[in-house]
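Have the viewer open as you read.

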Amino acid sequence: MGTPNAVARDYYGILGVSRDATDDDIKRAYRKLARQYHPDVNPDPEAHEKFKDINAAYEVLSDDQKRQMVDLGGDPLAPGGGGGPGGPGGAGPFVGFQDIMDAFFGQAAGATRGPRPRTRPGADAILRLELDLQETAFGVEAPITVDTAVICTTCSGAGTAAGTHLATCETCQGRGEVQSVQRTFLGQVVSSRPCTVCQGHGTVIPSPCPTCAGEGRVRTRRSLTVKIPAGVEDGMRIRLAQQGEVGPGGGTAGDLYVEIHERPHDVYSRRGDDLHCRVTVPMTSAALGTRLTIKTLDSEEQIDVKSGTQPGATMRIRGKGVPRLRGQGRGDLFVHLDVRTPTKLTADQERMLREFAKTRGEDVAELSKQGGFFSRMRDAFNGH
């Protein structure tokens with residue numbers, strides 16, 4: 001006995017349209033069902049199988065020859081009936097949801113971008129510059145060396161050898177793109193991709209410049225002078241316009257940023273526009289008072305230490321800090337005093353200090369029991 005013929009699928013019933021449906025009716029029905037049953041939208045396994053049938057039905061009914069075969073009682077997707085999905089004439093793997101949306105709204109339907117320009121802006125560059133406190137405070141013109149791409153002087157950025165010119169790409173005919181046709185449930189969708197021969201430029205360089213190999217730029221080391229304004233701080237950046245990397249094809253150069261790094265100073269520490277330093281004075285000078293000469297960044301200043309000054313006292317010299325970067329005047333200089341207590345005394349010095357303690361009504365013997373004479377003196381100057 002022969003094998004009975006397989007029953008042809010009801011592709012019209014799958015899409016829910018009549019046999020006299022127009023192409024637009026079929027397309028509208030498919031769109032509605034695709035939104036409902038596509039696996040990216042409906043994760044139900046039954047919906048997945050349903051979508052396969054919907055996809056196959058649309059493939060058949062959107063093709064005039066396959067639809068005619070169905071109307072005659074055949075099944076073009078049955079074995080031997082014209083090829084199943086993925087076979088000759090089939091739709092292949094069903095299209096993704098993004099492809100559906102692109103086809104609905106026309107984003108991928110033959111949209112073109114045109115050739116990319118060969119000349120593009122260059123990138124910015126950054127350089128670290130170390131300066132002393134004196135230089136950041138009052139400014140300086142500092143020489144720097146940078147290693148960046150500059151325009152090729154041989155071809156002036158064109159990228160072509162002398163006497164030659166760019167040529168139109170034969171693959172994309174100057175469009176910078178090549179088009180491919182993809183079969184979807186909406187029919188044939190044309191998509192564009194950058195041409196791999198000309199890299200999307202639409203032109204090729206038959207004879208590249210021997211110096212830059214067609215780049216229009218070369219790397220070189222050059223020297224510059226950067227003007228550092230007074231008052232810059234650690235971590236700030238100075239911008240040098242169009243001193244960075246020249247772009248491909250001799251494009252406009254980016255900017256060069258010089259990042260300031262301030263070296264530590266032996267005497268002063270900096271907090272914004274103010275300077276701080278520590279000065280040690282003898283115990284007797286703190287008790288009796290004295291005058292100190294302070295060497296600032298650009299001058300010498302005298303300050304009076306009043307008698308009875310305690311350890312840790314701070315004295316302020318106005319206008320002797322760092323010039324303000326975006327304003328007038330300067331910050332202040334703060335002098336922090338450390339009172340030095342002697343660690344060794346001669347017999348006469350110890351006798352005089354004991355007599356001094358007695359005149360103040362201080363019991364030196366009792367003090368010695370509590371930790372020694374020098375501990376007592378430190379406590380006295382600390383106000384204990």
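In which sense do β8 and strand β9 pair, and over how many bridges? β8 and β9 (residues 256–262) pair in the antiparallel sense, over 4 bridges.

## About the model

This is a predicted model, where local features need pLDDT of at least 70, side-chain atom pairs count only at pLDDT 80 or more, and totals for chains, interfaces and linings use all residues. Residues are numbered from 1 along each chain as its sequence is written, and side-chain values use heavy atoms, with hydrogens and water left out.

## The sheet

Strands (E, at least two residues) and helices (H or I, at least four) are DSSP runs numbered from the N terminus, and two strands pair if DSSP finds at least two bridges between them. The open sheet has 3 strands in the order β1-β9-β8, with mixed pairing. β1 (125–131) and β8 (237–240) each have a single partner strand and stand at the edges, so one side of each is left without a neighbour in the sheet.

Arg237 stands opposite Glu259 in β9.

## Helix α4

Helix α4 spans residues 64–71, and its buried residues (under 20% relative accessible area, 1.4 Å probe, protein chains only) are Lys66, Arg67 and Val70. Seen down the axis of α4, these fall within an arc of 100 degrees, taken from the directions from the helix axis to the C-beta atoms, so they line one face of the helix. The face turned away carries Asp64, Gln65 and Gln68, which are exposed (over 50%).

After α4 comes Gly73, with a positive phi near 95 degrees.
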